[in-house]
Amino acid sequence: MLAPIAFLALALGAVALPHQEPFAGYDPSTAAPAYIEESDGVDRYDGHQVWRINWSNLTDTSRGALYNVLETTGDVWKATPDMIDIHLSPRAAAVLPSLLPKDTHARKIVPDLQALVNLSLAHPLPDLHGAYAPHSPLDDPPTDLPEGGWNVSTLGTLFHDAFQPLAAVDRFLDTLVKAFPETLHTFEIGKSAEGRPLRAYTAHRADGKTDAPEVVIISGQHAREWVGPASAIYFLHALLVSFRDDPEGAAAKVLREFTITVVPTLNPDGLVYSREHSRMWRKNRQDVGGLLCKGVDLNTNWGYEFRPSRLACSESYSGQRAFEAPETAAMANYIVNGTAEAPRKKMPRAFIDLHSYGQLFMFPYSFSCNVFPPDAENLMEAGIGVAKAIRMIGGPGYQTGQACQSTLRFAGDAADYTYAVGQVRWSYSAELRDTGTYGFMLPPFLIRPTGIDVVAGLSALALFIYNTEIEP
Ligand SMILES: [Zn+2]
């Protein structure tokens with residue numbers, strides 16, 4: 001009979017791994033990547049697993065060493081000082097116990113990744129028999145009108161009920177610009193590595209007053225985090241519809257007092273690749289001179305405390321120099337210089353970089369906990385307000401804090417740059433839903449709830465800024 005604690009651990013799916021010397025049995029020369037990096041077809045993840053390893057008992061040094069081992073064994077999804085979630089091929093999962101130091105607890109949180117991938121591609125439209133069924137990623141997305149247009153006059157549009165391909169995203173946003181011609185404008189901030197336009201959408205009040213403080217929201221730096229772009233678009237759409245329908249509401253006030261610029265898909269090449277070839281793709285798609293691997297991890301490629309990488313195949317490959325990726329270079333140029341037509345006169349007041357997953361709202365710095373931002377107290381207070389606003393509308397718990405304490409320390413991230421170099425005082429990065437049940441493969445029925453989190457949270461942030469320093 002099992003001892004009660006061991007029984008409980010098994011019931012929860014946790015395993016106390018056999019005692020091992022740290023990293024015993026690990027040979028980097030034979031370590032295989034978790035999945036094929038390049039694919040002409042569509043990658044499948046049958047039998048792939050995600051494990052959560054609790055490493056809170058390790059020292060910083062051992063944690064760093066273990067991270068390096070795990071990074072070459074599998075695909076790190078999320079890492080904090082307490083735990084790491086890692087995606088492993090069946091072969092890598094079999095050797096996992098031999099890689100972990102003794103007394104490390106690990107448990108499988110996703111037994112079959114392909115099942116979650118299928119779920120994230122589901123359409124909410126019933127099939128001919130009335131059942132809700134997953135569709136192939138190559139199927140056309142659902143549309144509101146037979147001729148293929150989106151009904152943007154309402155948040156009820158079917159657009160928000162599925163993760164849409166890039167072409168549908170662009171078409172939806174074009175329709176939105178046409179529907180709100182006095183309030184919403186679009187422009188290009190540059191081109192991606194594969195030459196796709198990097199589109200920005202600016203919403204402001206209709207009276208032509210353009211000197212309102214600007215809030216810049218970006219998403220999609222990491223290709224597989226599909227809920228980021230979906231939520232950013234929901235936020236923009238919700239602001240416009242609320243501004244029209246509820247002039248006294250919080251969202252309308254945000255649009256009266258601020259200019260809101262959204263770059264919903266900063267990594268369009270990666271997004272397309274993650275839909276058409278490899279659902280787990282994270283980086284952009286630029287050629288980095290490697291024979292096997294492509295892509296720069298955009299969120300380690302910004303020009304503050306940038307650290308070059310050696311391993312082009314790593315999912316967090318930062319490149320050889322800051323702003324090597326055209327996507328980060330274009331975004332930073334917009335933050336600092338504006339556009340050729342409208343050179344920047346005033347720096348943005350706030351910057352929010354949307355990622356998933358983890359339910360976190362974090363302020364700088366990410367690169368180090370030894371440097372504390374002078375505005376930390378205010379940034380923390382506003383972050384707590386964001387989490388509270390999300391809870392008040394029935395959303396889940398979000399945690400707020402300094403990025404270096406909430407996740408593993410990464411140098412060269414966007415919010416560190418906008419805060420330190422761009423002088424954007426209210427700089428944050430957010431990890432949206434969830435906390436690991438679905439991870440990056442959030443099912444489509446959670447797009448709206450996550451979008452509603454973002455509307456509540458970012459409206460609260462904007463109004464906090466307004467009340468604190470614009471009209472105190
Ligand atoms: Zn991310």
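Predicted model: local features only at pLDDT ≥ 70, side-chain atom pairs only at ≥ 80, totals over all residues.

Visitor: How many helices and strands does the chain have?
Guide: There are 13 helices and 15 strands; these are DSSP runs, numbered from the N terminus, with helices being H or I of at least four residues and strands E of at least two.

Visitor: Which residues touch the most other members of the largest nonpolar core?
Guide: Among them are Leu 113, Leu 236 and Ile 352, in a core of 81 residues. Such a core is a set of buried Ala, Val, Leu, Ile, Met, Phe, Trp, Tyr and Cys residues joined through side-chain atoms within 4.5 Å, and buried means under 20% relative accessible area, with exposed over 50% and partly exposed in between (1.4 Å probe, protein chains only).

Visitor: And which helix gives the most to this core?
Guide: Helix H6 (residues 227-245), with 11 residues. Domain 1 (14-111) and domain 2 (158-470) both contribute residues, so this core lies between them; the domain bounds come from an automatic or database domain assignment.

Visitor: How do H6 and H7 cross?
Guide: Their axes come within 8 Å and cross at roughly 100°. Axes are lines fitted to C-alpha atoms, for helices over the stretch in contact, and angles run from 0 to 180 degrees between N-to-C directions. H6 and H7 are therefore roughly perpendicular (65 to 115 degrees; under 35 is roughly parallel, over 145 roughly antiparallel, the rest oblique).

Visitor: Switching topic, why is H8 called largely enclosed?
Guide: Eight of the nine residues of helix H8 (residues 268-276) are buried, so the rest of the structure largely encloses this helix. Those buried residues pack against helix H5 (166-179), strand S9 (197-203) and helix H9 (326-337), where contact means heavy atoms within 4.5 Å.

Visitor: Is Ser 366 buried or exposed?
Guide: Ser 366 is buried, with a relative accessible area of 4%. Ser 366 sits in the loop between strand S13 (360-363) and helix H10 (376-392), and its contacts include Cys 404, Arg 409 and Asp 413.

Definitions and conventions:
Residues numbered from 1 in each chain as written. Heavy atoms only, no water. Lists of a residue's contacts leave out its neighbours within four places in sequence.
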